[in-house]
Amino acid sequence: MSDLAIQLTGVNKHFNYFDLKDINLELPKGQIMGFVGANGAGKSTTIRLIMGLMQADSGQVSVMGMNMPEMQTQVKQRVGFSSEEMKLYGSKNLGWHIEFIKSIYPHWDDKYAKELLGRFDLNLEQNIKQFSKGQHIKAQLLLVLARKPDLLVLDEPTTGLDPVARQEVNQELALILNDESRTVLFSSHNTADVEKISDQITFIDRGAIINTDNKESFLDNWKRIQLELPSTHPLTPLGSTINVEQDGRIASVICNQFDEAVIEAYKQQNIKVHAADNMTLEEIFLANVNYRRAGEKV
Amino acid sequence: MNIPMIKALVKKDWMLYRRYIVAYSVLGIAATFLMIAPSVVAYYIGQVLLVTVLIGASAHISISSVVTEKKEDQLSFIMGLPLNVTDYVISKTLGVLAIYSVCWVVIVATLVFAIDISGLSDGLLPMAIVCSLEILVATALLLSIGILSGSEPITIVSMVVLNLFFNVFLFSMARIPDIGNNLWGDVAVFSPTVFKIIAVEIVLIVSITLGTIGIKSRQQCFM
Amino acid sequence: MTIKLFLSQTDNRPMYLQIMAQIKQKVMVGDWQAGFHLPSIREMASSIGVSVITVKRAYLELEREKVIYTQQGKGSFIADTQAIRSELQFEALDNKLKDAVEEAQSLGLSAEQVQTRLSDILNEKYSN
């Protein structure tokens with residue numbers, strides 16, 4: 001048995017105006033991965049490849065140790081997948097949808113479904129077409145969660161939700177943390193949601209994975225260092241610096257492999273280090289993207 | 001092939017369309033009764049209504065269950081369930097055809113029974129059966145076009161063409177002496193020609209359906 | 001057991017430090033006494049809505065600081081509070097002093113100037 005819930009190796013997919021390039025991704029079982037990228041970065045395409053809805057031009061996709069898309073029926077039996085574009089049947093109510101999904105998944109948990117119904121404040125009898133966008137997303141999430149899947153794949157689960165609904169959904173995702181056998185991959189362009197509950201974080205931009213690491217390493221390794229230089233002469237950055245901004249004798253440097261030695265090295269050069277600030281995931285993501293894009297232009 | 005899944009999909013479509021199937025059946029039965037009423041005007045109104053109901057139901061169920069479901073992204077929801085393209089296409093060809101056939105069978109059976117017991121000449125029977133089967137062939141074809149093209153405009157244009165063709169078919173059948181000459185006779189004449197046409201129609205339904213399953217199944221992924 | 005920690009998105013400290021600070025505070029005010037059984041890492045993560053890896057890190061750091069100890073298979077417990085409480089209180093005090101010094105620095109005060117000001121305050125307080 002493989003310990004990886006998801007494994008993509010050298011996956012490529014070509015479209016007319018977009019290419020997914022050499023995607024390598026591993027998600028160990030029991031972990032939560034946040035998949036972050038701008039709109040159109042390739043998040044949904046990657047997720048479609050993982051779900052076997054699309055065939056890669058080259059490379060290998062394996063989910064729960066099974067090859068995709070060949071084993072899609074077996075895999076989808078154990079995976080709860082929900083995406084932004086999915087719609088339920090407007091002329092039917094949630095109760096009808098629950099009966100339909102329940103008939104397909106033998107592990108359906110009625111008690112859990114009832115709890116979710118209460119916590120999400122959803123009405124069983126009301127037709128789906130009368131649901132607000134938030135209610136619609138929550139209804140779909142209920143249908144996915146109560147199947148008790150081993151792997152949850154959620155494409156933009158909180159996009160378009162109002163703050164109240166977003167909190168409800170985030171709280172529900174947090175409750176999943178309690179179960180160590182469950183793996184979650186969720187994509188978002190909202191870094192605040194991702195930052196809180198993810199163990200692993202993967203950044204994707206323009207069809208390529210630009211960084212993947214565990215969250216604590218991300219937050220530890222990336223720092224913004226505030227410097228005071230001895231002269232207005234342009235600063236020669238030290239260590240693995242990915243961004244330098246200087247105005248007169250004040251400089252701000254973003255470093256992606258921070259350790260104390262960097263500070264010492266600056267001090268040796270007679271540079272005053274005012275602070276080494278933590279960065280939010282959003283700042284790290286943006287710095288990362290800008291750095292890569294600048295590199296592509298060169 | 002995942003048979004329980006196919007059954008669940010067909011059951012789902014049945015639940016979605018059953019109230020329409022009931023409504024179409026009631027309308028069809030009403031049309032049949034108009035036809036046997038002792039009035040020529042009522043007969044013609046009934047006949048037009050009957051054909052309209054059969055063709056309308058066919059177009060509604062095929063387009064809605066295949067093309068609209070895709071357009072409104074309910075197919076995206078279905079794709080995430082444990083099934084592959086083959087399971088899906090079987091549920092949409094055999095399944096939807098079976099669902100449509102429920103009202104088709106009710107209406108055609110009523111029609112045959114009504115012609116038999118009423119004052120209408122029994123000679124109409126072969127024509128009625130041949131034409132009803134043509135609508136079933138058209139339904140299979142429309143489903144096939146919807147599934148293979150996935151396009152709303154193409155499917156709607158095909159529906160219009162198929163409707164026009166039905167009128168051509170009607171006139172062509174009436175001009176076949178074996179059928180046309182016996183229309184107003186007291187006896188239903190099932191000549192070898194009639195049987196041949198019925199056989200061709202059945203073969204067409206089967207081959208269109210199997211062909212669609214065969215072509216679409218070669219596709220491994222939904223997208 | 002439901003656990004409540006009060007975490008802030010706008011707090012500049014990383015989440016694991018916030019968790020550590022809140023647990024220390026619970027110990028300091030006496031809510032969690034020596035031998036208190038902490039929720040498991042997963043329970044804690046789930047109830048405060050923070051990733052497992054972050055809570056794990058907070059627990060490891062607390063263990064390193066000897067605020068908690070972990071018994072294989074049994075879970076984590078608050079260490080002997082008497083010693084820890086004073087330790088923690090000293091640490092809290094040091095942090096406040098650091099903040100004050102940093103503020104002085106940003107005002108451009110020299111070390112001597114800070115010391116002069118501090119002795120003034122000390123004289124005032126301790127003379128009573």
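Q: Into which domains is chain C divided?
A: The model is predicted. An automatic or database assignment sets the domain bounds. Chain C is divided into domain 1 (15-80) and domain 2 (83-127).

Q: How many residues does each domain of chain C bring to the contact?
A: The C-alpha centres of domain 1 of chain C and domain 2 of chain C lie 29 Å apart. The contact takes nine residues from domain 1 of chain C and six residues from domain 2 of chain C.

Q: Which residues in domain 1 of chain C lose the most area to domain 2 of chain C?
A: About 680 Å² is buried between the two domains of chain C, and carbon and sulfur atoms give 64% of that area. On the side of domain 1 of chain C, three residues together account for 64% of what is buried there. They are Lys24(C), Met28(C) and Asp80(C).

Q: Is helix α5 of chain B roughly parallel or roughly antiparallel to helix α8 of chain B?
A: The axes of α5 (residues 124-149) and α8 (residues 192-217) of chain B come within 10 Å and cross at roughly 10 degrees. Angles under 35 degrees count as roughly parallel. Therefore α5(B) and α8(B) are roughly parallel.

Q: Is the crossing of α5(B) and α8(B) left-handed or right-handed?
A: Two packed helices are described by the angle and the distance between their axes. For α5(B) and α8(B), the crossing is left-handed.

Q: How many nonpolar, polar and charged residues are in the contact of α5(B) with α8(B)?
A: Residues of α5(B), including Leu133(B) and Glu134(B), meet residues of α8(B), among them Ile205(B) and Thr209(B). By class, the contact has 17 nonpolar, three polar and three charged residues.

Notes: Residues are numbered from 1 along each chain as its sequence is written. Chains are lettered from A and ligands numbered from 1 in the order in which they are written. This is a predicted model: local features need pLDDT of at least 70, side-chain atom pairs count only at pLDDT 80 or more; totals for chains, interfaces and linings use all residues. Side-chain values use heavy atoms; hydrogens and water are left out. Axes are lines fitted to C-alpha atoms, for helices over the stretch in contact, and angles run from 0 to 180 degrees between N-to-C directions. Helices (H or I, at least four residues) and strands (E, at least two) are DSSP runs, numbered from the N terminus. Angles under 35 degrees count as roughly parallel, over 145 as roughly antiparallel, 65 to 115 as roughly perpendicular and the rest as oblique. A crossing is left-handed if the near helix is turned anticlockwise from the far one by less than a right angle, and right-handed if clockwise. Contact means heavy atoms within 4.5 Å. Ala, Val, Leu, Ile, Met, Phe, Trp, Tyr, Cys and Pro count as nonpolar, Asp, Glu, Lys and Arg as charged, and the others, Gly among them, as polar. Buried area is the accessible area (1.4 Å probe) that two parts lose on being put together, summed over both.
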